[in-house]
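The sequence and structure come first.

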Amino acid sequence: MQDLSLKFEKQSTLATILKFSIPSSFGAIIGMLCVLTDRYFIGQVAGREGMAAIALVFPYAMIINSFNFAFSGIAIIIGVKLGSKDKDGAEKILCTGFLWIFIVGILLTLFLFLFNTPILKILGASSSNISHAIEYTNFLIPIATFQIILGQSTLIRGIGDSVTAMGVNIFTGLFNVILDYIFIIKFDMGISGAALATLIATALSAFYILFYFFKSDVISFSKQHFSLNVKILKEIFRIGSPRFYNQLLQSSVITVTNIQAGVYGGDIATAAIGIISICRSVMNTSLQGFNQGTAAIISYTFGSKNYSRVKEVLKIQLYTVISVSTILVLLMLFNTEKIVSFFIKNDPPLVEFTVSAMRLNLFLMPFTAMFLACNNFFQSIKDSVIATRFFILRIIILNIPLVYILGYFFQEIGVWLAFPISDASVAIIMFFLTVKKIRKISSGN
């Protein structure tokens, strides 16, 4: 097995972070091309109705992606085990984890196909957009298993191969762009073409990841380690549960926001959410790529008890994500109309409405960046209890109630303000708890 300490601990902290996080961030940004391209082409060919359908389906995609995050514990546990030189234990986690991925992915796919229409109606689909939503989800649902496997590209990064992990994301994004153009523009397949493009690109990348772990010289699939070990599954889910719950709760927030925005603003508000959600995702994904890179370093160095390096990595991470998110927000605030007009043509009322809503909804995104970085730290050191509690505080106790309360007093303006107020509040609390925790582990407790 390769000496991973050479990659995680023997270089300077900044050099190690750059080595892992730049490829991770770049790959994540390229990966977002597939989503951006979907939204762009759909906006051009389906207009307001298409964007409204995408807004409705976005929570659906997050439900599927939540199971990707449920299995993110695989990478963290393997990172800690490799840090403590337990290769055999790491391979048991790898094999058992992937076996459960196939089982859960197949069951999820069957469930979503059986209850597709009822779920879309719960998410707020109306007679004017449900046909578009069904058309899209018929191709989106089969992605489930492939999407969960693709999420394990973080594991490739966790074993020291950040370049390959980046390459997988780049391929998925760029190939999706090509297929989007072919299916939507050349074959005139509309919204279903966008989903089919994503399905094919995701499936090919997932197959490559499986091939990678059959050939890896760090850890690899081996027949004797495959088992339906429920104890290992529980450990994986315990670590991944905060992100799993967060995605499910986030989908509920978007659903509530869709419904309440529709109450006060009609279909134009629902279409606006389709554009706002993708802009928020671009910001979050850019920063989460950096967080994923630092997570691999924190997990390994925490497992090897190098606590001073854990503290140093976290410090650089916080400075970076807060600074970058602030720059992105400023760029968005000064170019909102150009950004919105990129997705929509020949619909000035929708553009005007979305510009105002986006500025209100996204102006406090640096606090979201702070929250995600701190939460990433707690998950990386396997402290999932704190991470889970704060996701619940963020969504259940603050965000969803604020959508209704502020909406009641300020109509759609209140709906847009619920997200930034809740994220800023929880981020401040989370930051102080993170400082307290890092001081505790730095002292050896």
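## Aromatic pairs

The structure holds 19 aromatic pairs, where rings of Phe, Tyr and Trp (its six-membered ring) pair if their centres lie within 6.5 Å, with planes under 30 degrees apart counted as stacked, over 60 as edge-to-face and the rest as tilted. One of them joins Tyr408 and Phe409 edge-to-face, at 5.2 Å centre to centre and 90 degrees between the planes. Tyr408 and Phe409 are each exposed; buried means under 20% relative accessible area, exposed over 50%, and partly exposed in between (1.4 Å probe, protein chains only). Phe431 and Phe432 are also edge-to-face, because their ring centres lie 5.7 Å apart with the planes at 75 degrees. Phe431 is partly exposed, at a relative accessible area of 29%, whereas Phe432 is exposed at 56%.

Phe98, Tyr212, Phe213, Phe214, Phe221 and Phe226 are linked by ring pairs into a cluster. Elsewhere, Arg280 lies over the face of Phe419, 4.4 Å from the ring centre; the criterion is NZ of Lys or CZ of Arg within 6 Å of the ring centre and within 35 degrees of the ring normal.

## Model and conventions

This is a predicted model, in which local features need pLDDT of at least 70 and side-chain atom pairs count only at pLDDT 80 or more, while totals for chains, interfaces and linings use all residues. Residues are numbered from 1 along each chain as its sequence is written, and side-chain values use heavy atoms, with hydrogens and water left out.

## Nonpolar cores

The largest nonpolar core has 69 residues, of which Tyr60, Tyr136, Met358, Leu362 and Trp416 touch the most other members. Such a core is a set of buried Ala, Val, Leu, Ile, Met, Phe, Trp, Tyr and Cys residues joined through side-chain atoms within 4.5 Å. Helix α2 (residues 13–70) gives the most to this core, with 11 residues. Helices (H or I, at least four residues) are DSSP runs numbered from the N terminus.

A second, separate core of 38 residues includes Ile78, Leu155, Ile219 and Ile239.

## Helix α18

Helix α18 spans residues 412–442, 31 residues in total, and reaches 46 Å from its first C-alpha to its last, close to the expected 45 Å (1.5 Å times one less than the number of residues). Shortly before the proline Pro420, α18 has a kink of about 30 degrees at Ala418, the bend being the angle between axes fitted to the seven residues ending there and the seven starting there.

## Positive phi in loops

Lys85 is not a glycine, yet has a positive phi of about 65 degrees. Lys85 is in the loop between α3 (73–83) and α4 (87–114). Asp188, in the loop between α9 (162–186) and α10 (190–215), has a positive phi of about 55 degrees.

Technical notes:
Helices (H or I, at least four residues) and strands (E, at least two) are DSSP runs, numbered from the N terminus.
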